[in-house]
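User: I am new to this structure and would like to learn how to read its features. Please take them one at a time.

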Amino acid sequence: QILMHGDNGAWDELNCDDANIIRRDGKWWFYYKGRIIDRESGQTFIGAATADQLTGPYTKHPANPLFKGHALTVTKFHDGVIALPGGSNQRVLWSTDGVRFDEAGDLKHKSTGVYNPDDFDDDADDVKPIGWIIDVLPQEPRRLYRLDCQLG
């Protein structure tokens with residue numbers, strides 16, 4: 001196991017999933033979704049844990065939960081981190097430290113995915129802007145599509 005759900009009553013007591021891992025500042029940053037047992041799926045939050053090795057052990061960040069979100073994507077950009085919380089929080093969030101996120105714009109998305117090779121390179125000097133992401137069409141049957149955007 002890489003990361004366990006929280007104790008009874010914790011914000012992540014039911015689950016820790018929808019994980020994204022990036023490397024920055026000499027650490028592996030593991031972003032994940034959590035929820036309290038009796039809450040609806042739209043009442044989920046995002047937290048972070050860090051480790052020196054990709055395989056852990058991971059330590060949950062004391063500032064958790066960081067923001068509301070459901071189907072999370074996190075990627076590096078310039079000297080910070082962009083988060084796309086998905087679900088009911090269809091915003092672009094920005095953070096310079098990977099912990100305190102501010103709203104940076106709207107992006108209509110449901111459940112995104114991004115591939116950014118710089119996410120795994122601690123020495124990337126200038127992380128390039130992302131021109132498109134993968135998203136889920138919410139109608140049934142669900143399918144993936146390319147969503148053009150300008151993050152940056």
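Predicted model: local features only at pLDDT ≥ 70, side-chain atom pairs only at ≥ 80, totals over all residues.

User: Which strands form the open sheet, and in what order?

Analyst: Strands are DSSP runs of E with at least two residues, numbered from the N terminus (helices are runs of H or I with at least four). Two strands pair if DSSP finds at least two bridges between them. Here, 4 strands make an open sheet in the order 6-7-8-9, with antiparallel pairing. Strand 6 (73–77) and strand 9 (102–106) are the edge strands, each pairing on one side only. From one strand to the next, the twist averages 30 degrees; such angles are taken between N-to-C directions of lines fitted to C-alpha atoms (for helices over the stretch in contact) and run from 0 to 180 degrees.

User: How many bridges hold each pair of neighbours in that sheet?

Analyst: Strand 6 and strand 7 are paired over 5 bridges, in which Thr73 has Leu84 of strand 7 as its partner. These two strands form a hairpin with 2 residues between them, and His78 in the turn has a positive phi of about 50 degrees. Strand 7 and strand 8 pair over 3 bridges, and Ile82 stands opposite Trp94 in strand 8.

User: What does strand 2 pair with?

Analyst: Strand 1 (residues 15–24) is joined to strand 2 by 8 bridges, the two running antiparallel. Arg24 has Lys27 of strand 2 as its bridge partner. The hairpin of strand 1 and strand 2 has 2 residues between the strands, and Asp25 takes a positive phi near 55 degrees there. Strand 2 also runs antiparallel to strand 3, joined by 7 bridges, with Phe30 opposite Ala49 in strand 3. Strand 2 is mostly covered, with 8 of its 9 residues buried.

User: How is a pair of aromatic rings described?

Analyst: The description uses the distance of the centres and the angle of the planes. Rings of Phe, Tyr and Trp (its six-membered ring) pair if their centres lie within 6.5 Å; planes under 30 degrees apart count as stacked, over 60 as edge-to-face and the rest as tilted. The structure holds 7 aromatic pairs. One of them, between Phe30 and Tyr58, is tilted, at 5.3 Å centre to centre and 55 degrees between the planes. Phe30 lies in strand 2 (residues 27–35) and Tyr58 in the loop between strand 3 (45–51) and strand 4 (59–60), so the pair ties together parts that are 28 residues apart in sequence. Phe30 is buried at 9% relative accessibility, and Tyr58 is buried at 9%. Together with Trp11 and Tyr32, they form one aromatic cluster.

User: Which residues have the most contacts inside the largest nonpolar core?

Analyst: In soluble globular proteins, nonpolar side chains tend to be buried together. A nonpolar core is a set of buried Ala, Val, Leu, Ile, Met, Phe, Trp, Tyr and Cys residues joined through side-chain atoms within 4.5 Å. The largest core has 14 residues, and those with the most contacts inside it are Tyr31, Leu66, Phe67, Leu72, Val74, Ala83 and Phe101. Strand 2, strand 3 and strand 7 (80–84) each supply at least two residues of this core. A second, separate core of 8 residues includes Leu3, Phe30, Ala51 and Tyr58.

User: What does the side chain of Thr44 reach?

Analyst: A polar contact is a pair of N or O atoms within 3.5 Å; within protein, one must be able to donate a hydrogen and the other to accept it, and residues adjacent in sequence count only if both atoms are side-chain atoms. The Thr44 side chain reaches the backbone oxygen of Gly69 at 2.3 Å. Thr44 is in the loop between strand 2 and strand 3 and is buried at 1% relative accessibility.

Notes
Residues numbered from 1 in each chain as written. Heavy atoms only, no water. Buried < 20%, exposed > 50% of the residue type's maximum accessible area, 1.4 Å probe, protein only.
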